[in-house]
Amino acid sequence: MAERITPRSENYSEWYINIVTEAKLADYSPVKGCMVIRPRGYALWERMQAVLDGMFKETGHQNAYFPLLIPESFIRKEAEHVEGFSPELAVVTRAGGEELEEALIVRPTSETIIWSMYKKWIQSYRDLPLLINQWANVLRWEKRTRLFLRTSEFLWQEGHTAHATQEEAREETLRMLEVYRRFAEDWLAMPVLTGVKSQSEKFAGAVNTYAIEAMMQDKKALQAGTSHDLGQNFAKAFDVTFQDREGRQSLVWATSWGASTRLIGALIMSHSDDRGLVLPPKIAQTQIVVIPIFKNQNKAEVLAYAEKIRDSLKGGFRVEYDPDDNNSPGWKFAEWELLGVPIRIEAGPRDREAGKAVLVRRDTGEKIPAAFGDIPAKVGSLLEDIQKSLYAKALEFRKANTVCISSYDEFLSFFNDTDGGFAESPWCGSGECEAKIKEAAKATIRVLPFGNEQRVRGGCVACGKEAAHLAVFAKSY
RNA sequence: CGGGAUGUAGCCUAGUGGCUAAGGCGUCUGCUUUGGGAGCAGAAGAUCGCUGGUUCAAGUCCAGUCAUCCCGACCA
């Protein structure tokens with residue numbers, strides 16, 4: 001049997017890239033660092049889009065679209081923003097056969113162009129809150145890229161909201177973080193930590209950045225979505241004020257939040273194994289594949305039976321049927337496993353005679369016989385069970401690889417002498433300690449989790465001084 | 001941008017300076033098969049990344065160059 005996927009234990013990075021390319025999700029493009037998303041990969045993105053978009057609408061947001069190109073002067077208006085993004089900007093200086101008077105930046109994110117419009121749109125408290133989301137592509141010229149996880153161009157959604165009060169903006173920031181958490185956990189079966197980023201890890205231009213952070217199977221952390229409290233930074237930069245009920249002019253409060261095609265990478269690295277992709281049923285574009293197993297002499301009857309099974313599932317599930325007689329059943333089993341389809345139904349002559357079929361779980365490989373009439377009910381409960389157990393398994397993995405460390409020696413040893421994982425450690429809050437740790441352990445603060453202040457024990461893991469936070473440290477993507 | 005590695009058919013790999021560059025996978029044709037990546041027979045497919053050099057002779061040695069991968073640096 002030809003193994004197509006490198007085992008995770010040998011080379012995690014190669015394992016990951018193998019799955020992406022063998023499952024035909026994406027390829028590198030002729031443009032360095034950019035990615036071609038193939039139909040199978042895009043189908044996953046479309047499912048994610050549909051679910052997230054629904055969640056945004058439920059929370060009162062509307063979609064709109066803003067230009068790809070941003071005048072250079074816009075980016076320069078917010079000091080931290082321009083500083084953070086400058087190194088990775090792509091710039092258009094010529095168009096229409098001549099030098100442009102002002103260079104145009106290919107958007108790395110759309111705060112500036114959106115706030116230039118919000119200035120025109122917002123006059124009164126009656127115009128607030130303004131709750132807009134955009135589905136778009138952005139470009140950041142990264143030095144080192146990896147399919148889905150960090151590509152120069154990527155697809156995402158970015159929400160940009162404007163509010164009358166700081167309080168309201170903060171609520172929005174946390175509300176959208178919670179949307180991301182629910183999406184990651186309920187749909188992707190990917191447990192995440194939520195919390196606030198340290199000042200050195202926050203978005204350039206934000207007051208605070210909140211994030212969902214997941215653990216991949218190599219125990220590294222992946223930031224899977226962010227929600228920023230922008231304070232009045234962009235309102236000041238673009239002079240966006242409104243008149244309140246009392247007739248006073250005030251600056252608007254802002255948030256922005258985004259999640260990208262990186263979620264596809266997160267999904268792959270959370271659940272997949274050495275046989276290929278493993279997709280949670282709720283997000284899988286195909287939940288069930290029916291594979292007839294036949295010989296020439298009984299082909300017609302077996303196909304008719306398999307089709308009957310397929311038809312009995314059509315209404316309630318996303319089901320595919322693979323009667324192709326160029327490939328053997330074994331080949332198909334391996335292929336559909338590579339593609340991550342949660343349940344395979346084998347229907348052969350023996351099953352037909354007994355009025356049964358064999359259901360096979362992708363996640364465990366368990367084979368479950370079922371009578372024809374029971375198949376839809378059984379499939380339904382199996383899919384739910386797979387969804388739950390993928391989540392449980394990932395959560396278990398994260399717990400097993402999360403340790404509380406308060407001694408610096410132990411901390412360094414955890415990251416330098418072992419495979420590492422998440423370290424929950426007390427931190428004094430200083431950037432110096434953070435930098436020292438990054439240098440010595442290559443670990444960064446992923447998140448300061450909510451509601452953990454009372455769990456702080458002892459002094460800062462790096463300097464020993466009084467610790468204000470319990471921080472989660474990890475190596476990250 | 002620094003360190004390391006690799007470029008041989010669509011993919012993977014072999015190839016001691018010496019004759020017509022070898023094998024596996026895949027592809028195509030035919031037959032036979034189908035409950036875990038089938039079998040047999042046949043066929044197509046390579047200016048050995050590119051440029052230059054050393055040599056009677058270069059896939060093999062040297063230099064340059066380009067590309068890719070890994071490890072760093074960088075990464076709201």
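Let's start with one strand pair. Strand β9, residues 193-196, runs antiparallel to strand β22, residues 444-449, and the two share 2 bridges. One residue pair to look at: G195 has P449 in β22 as its bridge partner. Keep in mind that this is a predicted model.

Now the sheet around that pair. β9 and β22 belong to an open sheet of 11 strands. Reading across, the order is β3-β7-β8-β14-β11-β10-β9-β22-β23-β21-β20. The pairing is mixed. Which strands stand at the edges? They are β3, at 62-63, and β20, at 402-404. Each has a single partner strand, so one side of each has no neighbour in the sheet.

Helix α2, residues 39-58, does. α2 touches β7 (130-139), β8 (153-163) and β14 (253-260). The direction of α2 makes about 5° with that of β8.

α2 also has a helix partner. That is α6, residues 166-187. The angle between α2 and α6 is about 140°, and their axes are 11 Å apart. The crossing is right-handed. Which residues meet there? From α2, we have V51, L52 and M55. From α6, we have V179, F183 and W187. Polar, charged or nonpolar? The contact of α2 with α6 has 6 nonpolar residues, no polar ones and no charged ones.

On to another sheet. This one is open, with 3 strands in the order β4-β6-β5. Its pairing is antiparallel. The edge strands are β4, at 69-71, and β5, at 91-95, and each pairs on one side only. From one strand to the next, the twist averages 50°. β4 and β6, the latter covering residues 98-106, are joined antiparallel by 3 bridges. Within that pairing, P71 stands opposite L104 in β6.

Now zoom out to the whole chain. How many helices and strands does chain A have? There are 14 helices and 23 strands. The C-alpha atoms fill a box of roughly 80 × 60 × 50 Å along the principal axes. Does that go with a compact globule, or against one? For 477 residues, a compact globule would have a radius of gyration near 23 Å; chain A has 25 Å, which agrees.

Two last numbers on packing. Buried residues are 44% of the 477 in chain A. Take the contacts with a separation of 6 or more: 68% of them join residues 24 or more positions apart. The pair we opened with, β9 and β22, sits at residues 193-196 and 444-449.

How values were computed. Residues are numbered from 1 along each chain as its sequence is written. Chains are lettered from A and ligands numbered from 1 in the order in which they are written. This is a predicted model: local features need pLDDT of at least 70, side-chain atom pairs count only at pLDDT 80 or more; totals for chains, interfaces and linings use all residues. Helices (H or I, at least four residues) and strands (E, at least two) are DSSP runs, numbered from the N terminus. The radius of gyration is taken over C-alpha atoms; the globule rule is 2.2 Å times the number of residues to the power 0.38. A residue is buried if 20 or more other C-beta atoms lie within 10 Å of its own, exposed if 12 or fewer, and partly exposed in between; C-beta atoms are placed from the backbone. Two residues are in contact if their C-beta atoms, placed from the backbone, lie within 7 Å. Two strands pair if DSSP finds at least two bridges between them. Axes are lines fitted to C-alpha atoms, for helices over the stretch in contact, and angles run from 0 to 180 degrees between N-to-C directions. A crossing is left-handed if the near helix is turned anticlockwise from the far one by less than a right angle, and right-handed if clockwise. Ala, Val, Leu, Ile, Met, Phe, Trp, Tyr, Cys and Pro count as nonpolar, Asp, Glu, Lys and Arg as charged, and the others, Gly among them, as polar.
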